[in-house]
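Please look over the sequence and the 3D structure shown here before reading on.

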Amino acid sequence: MTNVALPPTAAPPRARRTLGAHAASVLQGQGALVALVLACVYGALRYYAFPTPENLINVLRQNSMLGFVALGMTFVILTGGIDLSVGALLAIAGVVAAKLAGSGSAVAVLAGLATATALGLVNGLVIAKARIQPFVVTLATMIAVRGAALALTSEQSVSVGRAARGLVWLGRGSIGPLPVPVVIFALAYLAGWVMLRYTRFGRYVYAVGDNEEAARLMGLQADRVLIATYALSGLLAGLAGVILAARLGAGQPVAGTGWELDAIAAVVVGGTLLTGGQGGAGSTLVGVLLLGVIFNLFNLEGTISPWWQWVLRGAFLLGVVMIQGRLRKRAAAT
Amino acid sequence: MASSATAQSPSGTGTSPPASGGAASRRRRAWAPFGPTTGAIIALAVLVVGNALFTSNFATASNFWNVLLQVSTVLLVAVGMTLVISTGGIDLSVGSVMALAGAIAAVTLDHGVVVAVPAALGGALVVGLVNGGLIARYRVQPIVVTLATLIGVRGVAQIVSHDGELVPIEAASFLWLGRGYLGPFPVQVVVALLAVAGAVFAVRSTPFGRYVLAAGGNPAAARLAGVPVNRTLVTVYAASAALAGLAGLIEAARLGASDAAKIGLNVELDAIAAVVVGGTALTGGRATVLGTVVGALIMQVIATSFNMLLVPYAWSLALKAAIILLAVYFQRPKRV
């Protein structure tokens, strides 16, 4: 190792939000939006079945669960962290809710949500107080909580009793023409958007993600922000788990396997940067819908094997991040 | 994350302990004769001794070989992962690459092992070059690039294996990879040990090894110092993929079939866990290949002994998680 005295890395360009960087961040968000609009126009022109209300509502319902997880992941990623445990938290929330379905819907739902939130809180506490990287902490909770979900159920799925009407309604009911999960999905994103945009907590999330050290020096309680963020991610994963269990009529200990990756993909496709500090709930909404619509188009086409869908998903994700990288580079150059 | 790491760690760029440091760090050094791997070695010793005392049939030669047999594929992957992580990156695609290599080998075996093995490793290498190329050239975060290849490459593996079929393998010369012996030693154990030896040599005694640590410690400084950072990154991801490909071949040979849906599933997590427990920091700049060996052995001993004690699988997951957290907790950089 040559011990040349060097300045501590060239300051990353995103530290200064120049006009160019701002334009690029707007473009990134809109890039995904443009792609979403194009995909919808293509779908409407190519398939009669695409623009029907049934199909569109179906797309929303199928993606609402992943949407909750991705919304929580957005908060976490905005702080510069990552939450790999969401799939496992989803599973345990569903299992707990299904197990307690006999004692009333309210108890079941609250217990499911509380379990996932508490585990998210543990993630946040360990990350903030013990100062271990989020990747490692949530990897560990992912493994342990999946184990707990399997142990709780003896590796069997737990059916939701029909008596728990309220719980079943959460998954299968509808309000007017809209399925309940879709309504909750819309409310959650609205709340997330307002939180990030108009509340002090939201500004703190961005501040911690942009530069944690600076945020601390300015007297911001970065630890509390981090803990709250991971708890929120747990809560939203739990919500997804409870609704999924209600919809399937069973809490499955293996539910949500691999969802952390899908959620990260949706967040990244939407234009939120993994380095933290940039992006938002709106971006993730676009990311979730874009991925959902593309899958819907695959299904309508009907001839694309699931394996090719995987390949296209991977290629699509790569393409998006490469374009984002280009935009960022150009923004940094100007 | 990167900016705060450079701001707080003075020892980012090497295997040497921090030059400055208070009483606490001095005390830690006194307690750590094997550097960051000390905790892992102690944990492994406790596990082995405890099991030898309390688990019947644990301390037998056959179980010893059993542990080594089962750990060898994860170890191959984890060795590559150690290099990747020491550059500050991560490779999530290794499991899919294993599946791809197994699938390519299974469908090309008609042309002989001489064609199948190079074709499979070549396919794996291509994925590694794509990973490394995108990470180095486009500066896309490793976690995103390899997440994309994790998803896409498993799809490719399924397509290659005749659209998701289980392709049986009968060629004895290929099955030897997963079932044969070199003298008294199982082939896969020998392969894994050779990979470990190669990586130790590369990290300690070659310019490449120093480039890897430099690129992980402080990429900007490394670039300014003339280190070929991009080439190093591409090489590291290629090596990781090639080792994963090798692991995939062994796994396919052991199963006697290419199962593109199952081979290598979640192996990235086991490998990352082994690396982290072994003392390689996720922030990069440090590589302890032998620590990774210890980490992988810890995970395997837990799995094997819990299996022998008929403890439910779920509990072994809980213990694994606890060990990962504890290992990283004790290795975390002190705030300055």
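The predictor's confidence in each residue is called pLDDT, and it runs from 0 to 100. This is a predicted model, in which local features need pLDDT of at least 70 and side-chain atom pairs count only at pLDDT 80 or more, whereas totals for chains, interfaces and linings use all residues. Residues are numbered from 1 along each chain as its sequence is written, while chains are lettered from A and ligands numbered from 1 in the order in which they are written.

**Confidence**

- The model as a whole scores an ipTM of 0.79 and a pTM of 0.83.
- Chain A has an average pLDDT of 87, with 89% of the residues scoring at least 70, and chain B has a mean of 86, with 89% of its residues reaching 70 or more.
- Helices (H or I, at least four residues) and strands (E, at least two) are DSSP runs numbered from the N terminus, and in chain A the lowest confidence is found in helix H1 (residues 19-46), at a mean of 77, while the highest is in H3(A), at 96.
- Two residues count as being in contact if their C-beta atoms, placed from the backbone, lie within 7 Å; over residues 1-15 of chain A the pLDDT is below 50, and beyond near neighbours in sequence this stretch has 19 contacts in the model.
- In chain B the pLDDT stays under 50 over residues 1-30, a stretch with 42 contacts beyond four places in sequence.
- Where pLDDT is low, the predicted coordinates should not be read in detail.

**The two chains**

- Chain A contains 13 helices and four strands, whereas chain B contains 15 helices and four strands.
- A residue is called buried if 20 or more other C-beta atoms lie within 10 Å of its own, exposed if 12 or fewer do, and partly exposed in between, with C-beta atoms placed from the backbone.
- Buried residues make up 55% of the 334 residues in chain A and 54% of the 336 residues in chain B.
- Of the contacts in chain A between residues at least 6 apart in sequence, 79% join residues at least 24 apart; in chain B, residues 24 or more positions apart account for 77% of the contacts with a separation of 6 or more.

**Where the chains meet**

- On the two sides of the interface, 53 residues of chain B are in contact with 47 residues of chain A.
- Several elements of chain B give two or more residues to its side, among them helix H1 (2-8), helix H10 (207-217) and helix H15 (313-331), but the largest share, 15 residues, comes from H7(B).
- Ala, Val, Leu, Ile, Met, Phe, Trp, Tyr, Cys and Pro count as nonpolar, Asp, Glu, Lys and Arg as charged, and the others, Gly among them, as polar; by these classes, the side of chain B that touches chain A has 35 nonpolar, 12 polar and six charged residues.

**The nonpolar core**

- A nonpolar core is a set of buried Ala, Val, Leu, Ile, Met, Phe, Trp, Tyr and Cys residues joined through C-beta atoms within 7 Å.
- The largest such core has 224 residues, of which Val69(A), Leu100(B), Ile298(B) and Ile324(B) touch the most other members.
- Helix H10 (residues 222-248) of chain A gives the most to this core, with 18 residues.
- Leaving aside residues up to four places away in sequence, Leu100(B) touches residues that include Gly123(B), Val153(B), Val160(B) and Gly248(B).

**Helices and loops in detail**

- Helix H3 (residues 86-99) of chain A is mostly covered, with 13 of its 14 residues buried.
- In helix H6 (residues 165-172) of chain A, the residues Leu167(A), Leu170(A) and Gly171(A) are buried; they cover an arc of only 90 degrees around the axis, which puts them on the same side of H6(A), where the arc is that of the directions from the helix axis to the C-beta atoms.
- The buried residues of H6(A) pack against H3, helix H4 (105-129), helix H7 (180-198) and H10 of chain A.
- Glu155(A), in the loop between helix H5 (134-153) and strand E1 (158-159) of chain A, has a positive phi of about 65 degrees although it is not a glycine, and it counts as partly exposed because it has 13 C-beta neighbours inside 10 Å.
- Asn57(B), which is not a glycine either, has a positive phi of about 70 degrees; Asn57(B) lies in the loop between helix H3 (38-54) and helix H4 (61-86) of chain B and is exposed, with 9 other C-beta atoms within 10 Å.

Notes. The expected span of a helix is 1.5 Å times one less than its number of residues.
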